Amino acid sequence: MAKSLLKTSSLSGRTKLLHQTGLSLYSTSHGFYEEEVKKTLQQFPGGSIDLQKEDNGIGILTLNNPSKMNAFSGVMMLQLLEKVIELENWTEGKGLIVRGAKNTFSSGSDLNAVKSLGTPEASDGMAVCMFMQNTLTRFMRLPLISVALVQGWALGGGAEFTTACDFRLMTPESKIRFVHKEMGIIPSWGGTTRLVEIIGSRQALKVLSGALKLDSKNALNIGMVEEVLQSSDETKSLEEAQEWLKQFIQGPPEVIRALKKSVCSGRELYLEEALQNERDLLGTVWGGPANLEAIAKKGKFNK
């Protein structure tokens with residue numbers, strides 16, 4: 001009875017975006033034709049996006065194109081969307097680490113693809129922009145607590161990807177650089193919007209203009225990253241990141257996932273909608289196994 005009272009059928013369009021999977025920011029009404037973009041991206045092979053799902057509910061997403069500093073080829077962009085869809089449906093998942101192969105995060109877009117898509121008469125560049133905004137927005141809304149493990153360089157689109165994660169960790173010698181201005185463009189995968197939310201508009205202007213260089217010390221000082229890890233070794237730093245993430249994912253998946261969804265609604269929705277969504281999400285766990293077990297143990301105030 002109580003559970004039914006906590007549910008509602010009145011949902012706004014924005015709220016539905018957070019409730020449902022498979023929905024995009026852009027559609028044909030915006031001049032965005034996803035299947036055509038996919039055909040274009042398929043023409044630029046190389047590298048892969050690898051996903052490992054651990055029994056403890058932590059996924060490890062690896063950008064794997066080391067010969068090009070893990071730059072995103074067109075095929076990798078397609079694979080990223082595939083992995084996001086897989087993660088949306090991973091009901092046992094609680095946390096996610098994003099990293100690059102061979103101790104480098106990512107150098108952004110593969111320049112071969114950029115050159116081919118950058119001709120003035122082509123609209124492909126704008127279409128890819130919308131495709132990656134869609135993908136990284138869905139990534140950001142995943143019901144998993146995510147952290148970017150920045151080893152080596154995170155450049156351009158790689159830097160933008162780090163902002164789609166809930167948290168960022170850096171190794172001592174790593175660097176994050178938004179090099180878009182030097183390429184005569186601006187961030188286009190949603191990086192500016194997310195960066196402003198993370199560090200504020202004044203600091204974002206410093207970073208995007210290149211006036212402030214984000215080595216690990218500066219990034220920590222302005223709140224871009226949560227922590228600088230002790231080791232720069234690829235394996236050891238991944239182990240450190242896993243241990244760091246574990247503090248956030250203690251508990252059953254349904255509770256962790258509802259918590260993350262609630263935070264997303266608080267960030268993206270108007271107050272009334274966010275409160276309604278919070279109530280709806282409570283209805284998914286109220287009276288559930290974890291709730292009943294905690295009540296039985298009188299563990300409500302235990303730490």
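Six strands make up an open sheet of mixed pairing, ordered S1-S2-S3-S4-S6-S9. Strands are DSSP runs of E, at least two residues long, numbered from the N terminus, and two of them pair if DSSP finds at least two bridges between them. The model is predicted: local features need pLDDT of at least 70, side-chain atom pairs count only at pLDDT 80 or more, and totals for chains, interfaces and linings use all residues. Residues are numbered from 1 along each chain as its sequence is written, and side-chain values use heavy atoms, without hydrogens and water.

- Strand S1 (48-53) and strand S9 (227-228) are the edges, each pairing on one side only.
- Strand S3 (residues 95-100) pairs with strand S4 (residues 145-150) in the parallel sense, over 4 bridges.
- Isoleucine 97 stands opposite valine 147 in S4.

**Nonpolar cores**
- A nonpolar core is a set of buried Ala, Val, Leu, Ile, Met, Phe, Trp, Tyr and Cys residues joined through side-chain atoms within 4.5 Å; buried means under 20% relative accessible area (1.4 Å probe, protein chains only).
- The largest core has 50 residues, of which Phe139, Phe161, Ile176 and Met224 touch the most other members.
- Apart from it lies another core, of 15 residues, including Leu169 and Ile249.
- Beyond its neighbours within four places in sequence, phenylalanine 161 is in contact (heavy atoms within 4.5 Å) with residues including Leu61, Phe72, Val98 and Phe139.

**Cysteines**
- Cysteine 129 counts as buried because its relative accessibility is 12%.
- Cysteine 264 is also buried, at 1% relative accessibility.
- The disulfide count is 0, taking a disulfide as a pair of cysteine sulfur atoms within 2.5 Å.
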